[in-house]
Amino acid sequence: MKYQLFFSWQQFISLFSYHWEHEIFLFLLPLPLLIFLIRYLLNRKNQARITLSFTKPLIQNRLIRFISFIPDIVQIMLLTSIILALAGPYKVNPKRKIQPDGIDMALAIDISSSMLNRDVSPSRLVIAKQVATSFVKQRKNDFIALVAFAGAPYLASPITNDSSYLKQALLGLDSKLIKEEGTALGDALGMCINQVRDSPNPKKISILISDGNNTAGNLDPLTSTELAKTFGIKVYTIAVGSVKPSLDPVDESTLRIIAEKSNGKFYRATDQKSLNAIFDEINQLESTKVKEIYWEEHVDQSKFFFDFAFILFFLGLFLKLSPISNILED
């Protein structure tokens with residue numbers, strides 16, 4: 001660390017902007033000048049005088065006269081620096097931080113073969129991925145986990161706030177990703193719960209997108225729903241598919257029960273427009289608040305004055321012990 005040997009003009013001006021921990025020491029600032037003034041007057045009074053006669057007037061060198069005061073000036077500055085250091089100077093740096101009050105959520109998307117049905121153009125799975133991607137982009141302050149499921153659940157992305165990573169994970173969802181056929185709603189919700197349950201964040205939700213009833217898995221959907229409720233996780237369920245007759249008809253029953261018992265909400269998406277509207281509503285219901293936090297950082301400045309006094313002490317010692325002192329006294 002580099003130390004400045006002398007005060008700059010900016011540092012002198014900054015003295016008036018300092019805050020002081022022990023202001024009472026500032027009343028001692030006139031003391032160094034007072035001490036050296038008294039000492040100067042006493043020395044002058046007690047100084048022996050010899051009357052000499054010269055043919056020519058003795059001209060005193062003004063520069064030498066000025067230089068002779070250097071040791072006293074150094075001592076005055078030394079004591080002043082110590083007093084300023086003892087007064088505890090510090091600077092106040094105002095700080096401001098924007099802290100988003102985000103939500104932890106798990107998004108589960110059904111990728112079973114029935115989601116390839118084109119009753120919703122271009123397919124149930126495609127619009128689910130597209131709308132989910134748009135939703136993730138808007139939730140920049142939230143931590144989101146992505147779960148894909150068919151006959152078994154698959155963790156496509158652990159909980160993260162990296163929207164770019166989540167986008168890539170969503171693009172990678174495909175019906176061939178999971179070999180087990182069926183719709184394991186209970187297991188999928190269980191995996192969602194595992195992703196967010198240990199979070200200290202009190203705001204936790206899960207969004208479940210599917211088109212069918214529970215036909216696979218080891219965990220009953222009602223059991224998973226009770227677990228979600230226990231951990232304070234609200235579940236929004238979305239049934240995707242046309243209301244028209246289809247080879248793979250949408251089964252809303254289990255999705256409705258999950259939403260109702262977890263204090264969430266059930267939605268029915270019949271096309272991309274309605275699915276967009278559903279996610280817009282969830283965005284409003286689960287909006288993220290932003291808090292502005294203000295505080296002050298106190299930066300101690302006393303070290304500079306102690307360092308400066310340390311340098312002045314050795315400068316005064318050097319002037320006292322070196323041959324320069326004889327020149328200054330003559």
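Modeller: Happy to! One cut-off is needed at the outset: a residue is called buried when its relative accessible area is under 20%, exposed when that area is over 50%, and partly exposed in between. Please also keep in mind that this is a predicted model.

With that cut-off, Asp211 counts as buried, because its relative accessibility is 2%. Arg124 belongs to helix α5 (residues 124-138), while Asp211 sits in the loop between β6 and α8 (221-230), so the pair ties together parts that are 87 residues apart in sequence. There is a further member to look for: Asp119, Arg124 and Asp211 are linked in a network of salt bridges.

Now for the helix that carries Arg124. The 15 residues of α5 should span 21 Å at 1.5 Å a residue, and the end C-alpha atoms are 22 Å apart, which agrees. Besides Arg124, the buried residues of α5 include Leu125, Ile127, Ala128, Lys129, Val131 and Ala132. Further along, Thr133, Phe135 and Val136 are also among the buried ones. What covers the buried residues of α5 includes the strands β3, β4 (143-149), β6 and β7, together with the helices α6 (163-171) and α10.

Six strands make an open sheet in the order β5-β4-β3-β6-β7-β8, with mixed pairing. At its edges stand β5 (153-160) and β8 (265-269); each has a single partner strand, so one side of each is left without a neighbour in the sheet. On average, neighbouring strands here are turned by 15° against each other, direction ignored. Further in, β3 (residues 104-110) and β6 (residues 204-210) pair in the parallel sense over six bridges, and Ala106 stands opposite Ser206 in β6. Helix α9 (residues 253-261) packs on the sheet, where it touches β6, β7 (233-240) and β8, and its direction makes about 155° with that of β7. Helix α10 (residues 272-285) also packs on the sheet and touches β6, β7 and β8; here the angle of about 155° is with the direction of β8.

Glu286 forms one with Lys234, the closest N and O atoms being 3.3 Å apart. This pair links distant parts of the chain, since Glu286 lies in the loop between α10 and β9 (289-300) and Lys234 in strand β7, 52 residues apart. Glu286 is buried at a relative accessible area of 9%, whereas Lys234 is partly exposed at 30%. The other salt bridge joins Glu252 and Arg256, with 2.9 Å between the closest N and O atoms. Glu252 is buried, with a relative accessible area of 18%, and Arg256 is partly exposed at 43%.

Terms used
Residues numbered from 1 in each chain as written. Predicted model: local features only at pLDDT ≥ 70, side-chain atom pairs only at ≥ 80, totals over all residues. Heavy atoms only, no water. Pairing = 2+ DSSP bridges. Helix = DSSP H or I, 4+ residues; strand = E, 2+ residues; numbered from the N terminus. Axes fitted to C-alpha atoms, helices over the stretch in contact; angles between N-to-C directions. Contact = heavy atoms within 4.5 Å. Buried < 20%, exposed > 50% of the residue type's maximum accessible area, 1.4 Å probe, protein only. Salt bridge = Lys/Arg side-chain N within 4 Å of Asp/Glu carboxyl O. Expected span 1.5 Å × (residues − 1).
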